[in-house]
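Dear colleague,

Please find below the structure that I am handing over to you. My notes on it follow directly after.

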Amino acid sequence: MAFLSDTLTRVKPSPTIAVSNLAAELKAAGKDVIGLGAGEPDFDTPDNIKQAGIRAITEGKTKYTAVDGIPELKAAICAKLKRDNGLSYEPAQVSVGTGGKQILYNALMATLNPGDEVVIPAPYWVSYPDMTLLAGGEPVIAEAGAETNYKLTPEQLEAAITPKTKWLIFNSPSNPTGAGYTWDELKALTDVLLKHPHVWVMTDDMYEHLVYDDFEFCTPAQVEPQLYERTLTVNGVSKAYAMTGWRIGYAAGPKELIAAMRKIQSQSTSNPCSVSQWAAVEALNGSQDFIAPNNETFKRRRDLVVEMLNAAEGITCATPEGAFYVYPDVSGCIGKTSEGGKLISNDEEFCTALLEEKGVAAVFGAAFGLSPNFRVSYATSDENLKEACTRIQAFCAGLK
């Protein structure tokens, strides 16, 4: 009898976490490494939010809470969804978890049966397919490449849906591409979903506030109110509020689904950290004034990285609408050999050689379901980005 579960054979460790850990290990060993794999802002959590957490500790708010969130946080979430998205929810329709990842996992665990299919546009966040597999479902990957600016088209969505489809997982702005869907682009997708009433929408809005230029964020239930009863709108405080380590994610949706997710959470982690919940109340209810200047910094970094990567031989890099990633195409580098003698036959080998020879750590595109690309996080200093992109240019120039 095998000791480990057969379920483990269906999934793999997170490649993004693996790259960040490898970069940290190499730095600790004295290597000159610039890590571009981290999916978190380099800004500190705003002081008003930190102070709310400190107050929670000093006031003794350190006990167990309700399984899926304190009433004050659920009220703040309802107010946020109404204020920012025009969506009306009541607290019984809200679930709070230990990060957006747990919320997504709870929803899939609560709804998927063997053979159920989940449509996942690629490039995708690395965890979507594996969480689907862990929950017993089958990922159906719908590739959306450079020719559509890495956005799923209505035709691609229609082709991916079958009688077994239970969910579409939708992410805008996207991790890993930063691509954001306009209202009209999203409406075209929701029109397809209206024709398939058995398909639900799980929308990952984690990068909602990180948008640039004139792009305006929108979410499926906002664009198409008829989808309200079969949409789980997922968000959190990690990215816009620089609270990745506080681990608070949330979702709003139909009461029956939220109750099922609560049951899963009650027998796994129980409540999220009490102190983090009180900090999240302040994040959502307090001043939002820091978001705009932070976004200006991200926009400047985005423009720097896009310009420098497009100047590298064999690389083309689209300008994304949001998040803090770019997803450059390295087609022009495939089939060449690096100065260190490494044959570059795919994007994973490109990233491996780039790390070994130039000390730049990035995540290869195959991890996100679409090649040949790699993901660069520009959530680091201008100095690091300039140096990293200079090294990438040198690496590409040395390919023969």
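Tyr 150 is buried in this predicted model: its relative accessible area is 12%, and the cut-off for a buried residue is under 20%. Tyr 327 is likewise classed as buried, at 3% relative accessibility. The rings of these two residues form an edge-to-face pair, because their planes stand at 90 degrees, with the centres 5.7 Å apart. The pair joins distant parts of the chain, 177 residues apart: Tyr 150 belongs to the loop between β4 (138-143) and α6 (154-160), and Tyr 327 to the loop between β9 and α12 (347-358). The search of the whole structure gave 15 aromatic pairs.

Other aromatic residues gather in one cluster, made up of Phe 43, Tyr 207, Phe 298, Phe 324, Tyr 325 and Tyr 378. Tyr 325 is also among the contacts of Ser 174, together with Pro 123, Ala 179 and Ala 323, when residues up to four places away in sequence are not counted. Ser 174 is located in the loop between β5 (165-171) and α7 (183-194) and is buried, with 7% relative accessible area.

A further ring, that of Trp 278, has the charged end of Lys 61 over it, 3.8 Å from the ring centre.

Finally, there is an open sheet of three strands in the order β9-β12-β11, with antiparallel pairing. Its edge strands, β9 (325-326) and β11 (363-364), each pair on one side only. Two bridges connect β11 with β12 (residues 374-377), and Phe 364 is placed opposite Phe 374 of β12.

With kind regards

How values were computed: Residues numbered from 1 in each chain as written. Predicted model: local features only at pLDDT ≥ 70, side-chain atom pairs only at ≥ 80, totals over all residues. Heavy atoms only, no water. Pairing = 2+ DSSP bridges. Helix = DSSP H or I, 4+ residues; strand = E, 2+ residues; numbered from the N terminus. Buried < 20%, exposed > 50% of the residue type's maximum accessible area, 1.4 Å probe, protein only. Contact = heavy atoms within 4.5 Å. Phe/Tyr/Trp six-rings, centres within 6.5 Å; stacked < 30°, edge-to-face > 60°. Lys NZ or Arg CZ within 6 Å of the ring centre and 35° of its normal.
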